[in-house]
Amino acid sequence: MPPTFDMSLIQRGARLRRSPYFDATLAAGCRSYTVYNHMFLPTRYDDLEAEYEKLLTGVTVWDVSVERQVEITGPDAFAFTNMLTPRDLAKCAVGQGKYVLITADDGGIVNDPVLLRLGENHFWLALADSDVLLWARGVALNSGLDVNICEPDVSPMQVQGPKSKEVVRRLFGDEVLALRYYWFLETELDGIPVVVTRTGWSGEVGYEIYLRDGSRGVELWDRVMDAGRDLGITPTGPSDIRRVEAGILNYGIDMTLDTNPYEVGLGWQVDQGQEADFIGREALARIAAEGPGRLLAGVEIAGAPLDLNMTRWPVRGGGTAGGNGEAIGFVTSAVYSPRLGRNIGYAMVPAGLAGMGTRLSVSTPKGEREATVVPRPFVDPEKEIPKS
């Protein structure tokens, strides 16, 4: 059976990399890919709402090898890694992961990886879409710290959804069920070396399996699919519907190098009380004292269902009546939530217009729509589902 997607539509030459699971994703009928961290990311196999329903009710598998790792080792690895992030890593034990921000000297967000601490001086940063390997090497160059920084042979996949626990139990035994949220274990599956983490980009119960031998990607994929076949396991792309519901931000659009943690609701990531210094400390202290001038607000957008936005949609003040005024902000992400029956998303607006109940106007491809500022996350604000 021929592949369902013609790679020549997005690839020219061999510059873009393919994941260890790439052949398996083609064989499984992947219908579209995007480019992320210089690699192909499978984005869908089916209708996006159908994939969303499978995530909510069953178990799904995502190839997220595009979450490239930056590995930091050496005698000064802790001090160096702690300097990259405003989050105090002294509070991160070996065997534990943390969601962290990497910040620039002006407080801008360079990346928002999941950090894993594999040893006292051994760290992985599982990256969003930006070149942190180059950033870290640049920072290290004149730091005076003894560190080794590289991209290891590590390729994660995500197993997400309410039936994911049974799939990983069948693969790795009862030990994996004891993992707490954001903790991990190093193990093997029939000689395939992996790290299994209690993490995911879905807001659902889930795990990530970090393959440590890229030559065995299809083998690992097949083992995971076999373990969940009777449970209806399904390959999908990452679910933007579910991640927006969960309040998860997407680096490159919801936050960028031009935004700081306080603007996007991640000020809790900044541990100003720690003794160690970190990049951007002075700038972030100033922003915290003055207060950010703009904020990323949760919004509900009225009207018929909207597709996931492909561009930033202009935002104006005053609801529909203000629809012809000057843009005062923009929607970063917006999508229709089937379970809520509403269009939901995020809008970057002046801080004075980010209060609950504020009426805005959004220019969508389907015309001007009234929008209202609402709390985010939209679903499960205490994260009871992924922690369960």
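**Notes on helix packing, ring pairs and backbone details**

1. Rings of Phe, Tyr and Trp (its six-membered ring) are paired here if their centres lie within 6.5 Å, with planes under 30 degrees apart counted as stacked, over 60 as edge-to-face and the rest as tilted. Phe 22 and Tyr 33 make a tilted pair, because their ring centres are 5.5 Å apart and their planes stand at 40 degrees. Phe 22 belongs to helix H1 (residues 22-27) and Tyr 33 to strand E1 (residues 32-36), so the pair ties together parts 11 residues apart in sequence. Helices (H or I, at least four residues) and strands (E, at least two) are DSSP runs, numbered from the N terminus.

2. Are Phe 22 and Tyr 33 buried or exposed? Both Phe 22 and Tyr 33 are buried, where buried means under 20% relative accessible area, exposed over 50% and partly exposed in between (1.4 Å probe, protein chains only). Ring pairs also link Phe 22, Tyr 33 and Phe 40 into a cluster.

3. A word on conventions: residues are numbered from 1 along each chain as its sequence is written, and side-chain values use heavy atoms, with hydrogens and water left out. As the model is predicted, local features need pLDDT of at least 70 and side-chain atom pairs count only at pLDDT 80 or more, while totals for chains, interfaces and linings use all residues.

4. Next, helix H3 (residues 77-84) packs on helix H4 (residues 132-141) at an angle of about 115 degrees, and their axes are 11 Å apart. Axes are lines fitted to C-alpha atoms, for helices over the stretch in contact, and angles run from 0 to 180 degrees between N-to-C directions. Phe 80, Met 83 and Leu 84 of H3 meet Trp 135, Ala 136, Val 139 and Ala 140 of H4, contact meaning heavy atoms within 4.5 Å. By class, this contact of H3 with H4 has 7 nonpolar, no polar and no charged residues. Ala, Val, Leu, Ile, Met, Phe, Trp, Tyr, Cys and Pro count as nonpolar, Asp, Glu, Lys and Arg as charged, and the others, Gly among them, as polar.

5. Trp 135 of helix H4 deserves a look of its own. Trp 135 is partly exposed, with a relative accessible area of 28%. Leaving aside neighbours within four places in sequence, the contacts of Trp 135 include Leu 84, Ile 102 and Ile 279. Val 110 is another contact of Trp 135; the C-alpha atoms of these two residues, 25 residues apart along the chain, are separated by 8.5 Å.

6. Helix H5 (residues 164-172) and helix H6 (residues 217-227) have axes that come within 9 Å and cross at roughly 120 degrees. The crossing of H5 and H6 is right-handed. Val 167, Arg 170 and Leu 171 of H5 make the contact with Arg 223, Val 224 and Ala 227 of H6, giving 4 nonpolar, no polar and 2 charged residues.

7. Finally, the backbone. Arg 376 and Pro 377 are joined by a cis peptide bond, with omega about 5 degrees. His 38 is not a glycine, yet has a positive phi of about 65 degrees; His 38 is partly exposed at 42% relative accessibility. Asp 190 also has a positive phi, near 50 degrees, and at 56% relative accessibility counts as exposed.

Terms used: Left-handed = near helix turned anticlockwise from the far one by under 90°.
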